[in-house]
Amino acid sequence: MLNYIWAGMILIGVVLGVLQGNGEVIGTQALTSAKEAVSLCVTMLGVMTLWSGLMEVAREGGLIKALVKVLSPLITLLFPDIPRDHVAREYIASNFVANFLGLGWAATPLGLKAMKELKKLNRDSERASCDMCTFLIMNISSLQLIPINIIAYRSQYGSVKPTAILGAAIVATCISTLAGILFAVIARKVSRD
């Protein structure tokens, strides 16, 4: 459905632009935007490669395993139905760590693996479990210490201080994560009553 909405908006914009005599501007801007998109992709590929590599080094060095242990009490609080030795806990903790470090692209595969394991625990039901909903909420709200994507975008587009948003980003993600935790805990209690 969203594809149709975007396609409709683009079509309306092009038709109105042509009717107003701006057909040449539309063509020029389309080519300029395509060039910018490729340039941005190359920039993000470099950033993604660097941070994904650092994440692998952290994993091999045992840092991720240590962070998973630190997060264990939080995971137990948020996901009480997951057995202590289940692999889903490791995927969830790794996803949290990757999001915390601003590595959304590294967090996504871990999140998909975690959700797959949570679905198995839910006996492959088509209805999401409380744990699945909680994980989704926590993944969306994701506390970030370093918003790598935004810093890279700001740098790409010529910001004098691309890291100037760090304080605001940390405050915003702290609030969204606390709201997510609060909602997940309350929703779990309500669903059990």
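The model is predicted, and local features were taken only at pLDDT of at least 70, side-chain atom pairs only at pLDDT 80 or more, while totals for chains, interfaces and linings use all residues. Residues are numbered from 1 along each chain as its sequence is written, and side-chain values use heavy atoms, with hydrogens and water left out.

To the opening question: Arg123 follows α5, and its phi is positive, near 55 degrees. Helices here are DSSP runs of H or I with at least four residues, numbered from the N terminus. Arg123 is a residue other than glycine, and its place is the loop between α5 and α6. With a relative accessibility of 76%, Arg123 counts as exposed; the cut-offs are under 20% relative accessible area for buried, over 50% for exposed and partly exposed in between, with a 1.4 Å probe and protein chains only. Asp124 lies in that loop between α5 and α6 as well, and its phi is also positive, near 55 degrees.

Let me turn to the helix before the loop. Helix α5 covers residues 104–121, which makes 18 residues. From first C-alpha to last, α5 reaches 25 Å, close to the 26 Å expected at 1.5 Å a residue; the expected span is 1.5 Å times one less than the number of residues. The buried residues of α5 are Trp105, Ala106, Ala107, Leu110, Gly111, Ala114, Glu117 and Leu118. These buried residues pack against α2 (23–60), α4 (87–100), α6 (130–141) and α7 (148–156).

Of these partners, I take α2 in detail. α2 and α5 pack at an angle of about 60 degrees, and their axes are 9 Å apart. Axes are lines fitted to C-alpha atoms, for helices over the stretch in contact, and angles run from 0 to 180 degrees between N-to-C directions. The two helices, α2 and α5, are therefore oblique to each other; angles under 35 degrees count as roughly parallel, over 145 as roughly antiparallel, 65 to 115 as roughly perpendicular, and the rest as oblique. On the α2 side, Met44, Val47, Met48, Trp51, Ser52 and Arg59 meet Trp105, Ala106 and Leu110 of α5, where contact means heavy atoms within 4.5 Å. By class, this contact of α2 with α5 has seven nonpolar, one polar and one charged residues. In this scheme Ala, Val, Leu, Ile, Met, Phe, Trp, Tyr, Cys and Pro are nonpolar, Asp, Glu, Lys and Arg are charged, and the others, Gly among them, are polar.

Asp131, Met132, Thr134, Phe135, Met138 and Ser141 are its buried residues, and they pack against α3, α4, α5 and α8 (166–192).

How are α6 and α8 oriented to each other? Their axes come within 8 Å and cross at roughly 170 degrees, and α6 and α8 are therefore roughly antiparallel. Among the residues making the contact are Cys130, Ile137 and Met138 of α6 and Thr173, Gly180, Phe183 and Arg188 of α8. The contact of α6 with α8 divides into six nonpolar, seven polar and two charged residues.

My last topic is the aromatic rings. A pair of aromatic rings is described by the distance of the centres and the angle of the planes. Rings of Phe, Tyr and Trp (its six-membered ring) pair if their centres lie within 6.5 Å, and planes under 30 degrees apart count as stacked, over 60 as edge-to-face and the rest as tilted. By this rule there are two aromatic pairs. Phe79 and Phe96 form a tilted pair, 6.5 Å centre to centre with 40 degrees between the planes. Phe79 sits in the loop between α3 (63–78) and α4, and Phe96 in helix α4, 17 residues apart. Phe79 counts as buried at 0% relative accessibility, and Phe96 is buried at 12%. The rings of Phe96 and Phe135 have centres 6.4 Å apart and planes at 20 degrees, so this pair is stacked. Since Phe96 lies in α4 and Phe135 in α6, the pair ties together parts 39 residues apart in sequence. The C-alpha atoms of Phe135 and Phe96 are separated by 9.7 Å.

Phe135 counts as buried at 2% relative accessibility. Leaving aside its neighbours within four places in sequence, Phe135 has contacts that include Phe79, Ile92, Gly111 and Leu118. Phe79, Phe96 and Phe135 form one aromatic cluster.
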